[in-house]
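Hi,

Here is the structure I said I would pass on. Have a look at it first, then read my notes below.

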Amino acid sequence: MAFSCASGKNRPSGKHRKPGRFERTTARAAGVAALTATGVVGTLAAPALAAEPAAEQTGLMPVVAVEDTIALQIDAQAAAQERAAAEAAARKQAAEEAARHLAAEKAKEEREAKERAAREAERKRLLSYVSPIAGSYVSTSYQSGGAVWSSGSHTGIDFHAASGTSVHAVGAGTVVEAGWGGAYGNNVVIEMNDGTYTQYGHLSSIGVSVGQTVTPGQQIGLSGATGNVTGAHLHFEARTTAEYGSDIDPVAYLRSHGVDI
């Protein structure tokens, strides 16, 4: 019995079928990519591929090129992000440094302002005047008459004070006398910084020495009843010189320097 085949030629099928031309070309193109990466394609693979179309003809090389371009773009983006992060860190560091510098300058200015204020306060204090007896009052006025004074009148003023009361320098100056003063008993004479002189008499004790500088309100002794007195008090004089007889009005003197008595 005779058989005929409608196709005229039997074609293998299934696992025994040979790879088609497209499949071989695709496989070879994939091999090209691998061999190109190792540098072998130029020496070993060229003869084997001579009979097949170039990879460019299959459309696979443009795909590889696109992937390379994307990889380059990703690398460039990562580098740009790193640069941006570095620049942001540098800006942050610069801002922090500027803030520290500003804070240091502000602290310096505040410190200098405090120092200036302290110097000004000290200057004002040294120029200030106070009462020789805190919280006291004048018990005998200037130029009061009476036989008790050898000159016939009071050359100073008396401040009410119990014995042992603190006596203060009325202003800044230098001690020019500290010791026994005859009728004045224990006394202190101070040359003031403005060129005038002040005297403190009848002290029970003296707390300064000649040549010593004093400041306003500094304790120079304690009140008492030494010398020609009838009771404890402070005799205070203002003078144009250190000598007896150059006295001026003590109340007017103190008030001219801002002391309220």
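Let me start in the strands: Val167 has Gly221 in E8 as its bridge partner. That contact belongs to the pairing of strand E3 (residues 166-168) with E8, where 3 bridges join two antiparallel strands. By pairing I mean that DSSP finds at least two bridges between two strands. Strands (E, at least two residues) and helices (H or I, at least four) are DSSP runs, numbered from the N terminus.

Before going on, some ground rules. This is a predicted model, so local features need pLDDT of at least 70 and side-chain atom pairs count only at pLDDT 80 or more, while totals for chains, interfaces and linings use all residues. Residues are numbered from 1 along each chain as its sequence is written, and side-chain values use heavy atoms, with hydrogens and water left out.

**Around E6**

Strand E8 (residues 219-223) also pairs with E6, antiparallel again and over 3 bridges.

The hairpin of E5 and E6 has 4 residues between the strands, and in it Gly195 takes a positive phi near 95 degrees.

How many of the 10 residues of strand E6 are buried? The count is 7 of the 10 in E6 (residues 197-206), so the strand is largely enclosed by the rest of the structure. "Buried" here is under 20% relative accessible area, "exposed" is over 50%, and "partly exposed" is in between (1.4 Å probe, protein chains only).

His202 counts as buried, because its relative accessibility is 5%. Another non-glycine with a positive phi is Gln143, near 65 degrees. You will find Gln143 in the loop between strand E1 (138-140) and strand E2 (157-160).

**Along helix H4**

Now for the salt bridges. The structure has 4 of them, a salt bridge being a side-chain nitrogen of Lys or Arg within 4 Å of a carboxyl oxygen of Asp or Glu. Side chains of opposite charge can pair when their charged atoms come close. Here are three that I looked at:

- Glu97 and Arg100 meet at 2.5 Å, N to O. The two are 3 residues apart in helix H4, which means about one helical turn between them. Glu97 is partly exposed at 43% relative accessible area, and Arg100 is partly exposed at 48%.
- Arg123 bridges to Glu120, with the closest N and O atoms 2.7 Å apart. These two are also 3 residues apart in H4, so about one helical turn separates them. Both are partly exposed: Arg123 at 42% and Glu120 at 32%.
- Glu122 bridges to Arg125, the closest N and O atoms being 2.9 Å apart. Again they are 3 residues apart in H4, about one helical turn. Glu122 is partly exposed at 34%, as is Arg125 at 33%.

**Surface patches**

Which residues form the negative surface patch? Glu105, Glu109, Glu110, Glu112 and Glu115 do. Of these, Glu115 is found in helix H4 (residues 60-127) and is partly exposed, with a relative accessible area of 39%. There is also a nonpolar surface patch of about 270 Å², made by Val66, Ile70 and Ile74. Ile70 is in helix H4 too, and at 41% relative accessibility Ile70 is partly exposed.

For the terms: patches take residues with over 30% relative accessible area and no salt bridge, joining like charges within 9 Å and nonpolar side chains (Val, Leu, Ile, Met, Phe, Trp, Tyr) within 5 Å. Asp and Glu count as negative, Lys and Arg as positive, and His and the chain ends are not counted. A charge is placed at NZ of Lys, CZ of Arg, CG of Asp or CD of Glu. Accessible areas come from the Shrake-Rupley method with a 1.4 Å probe, and for residues only the protein chains shown count as cover.

Cheers
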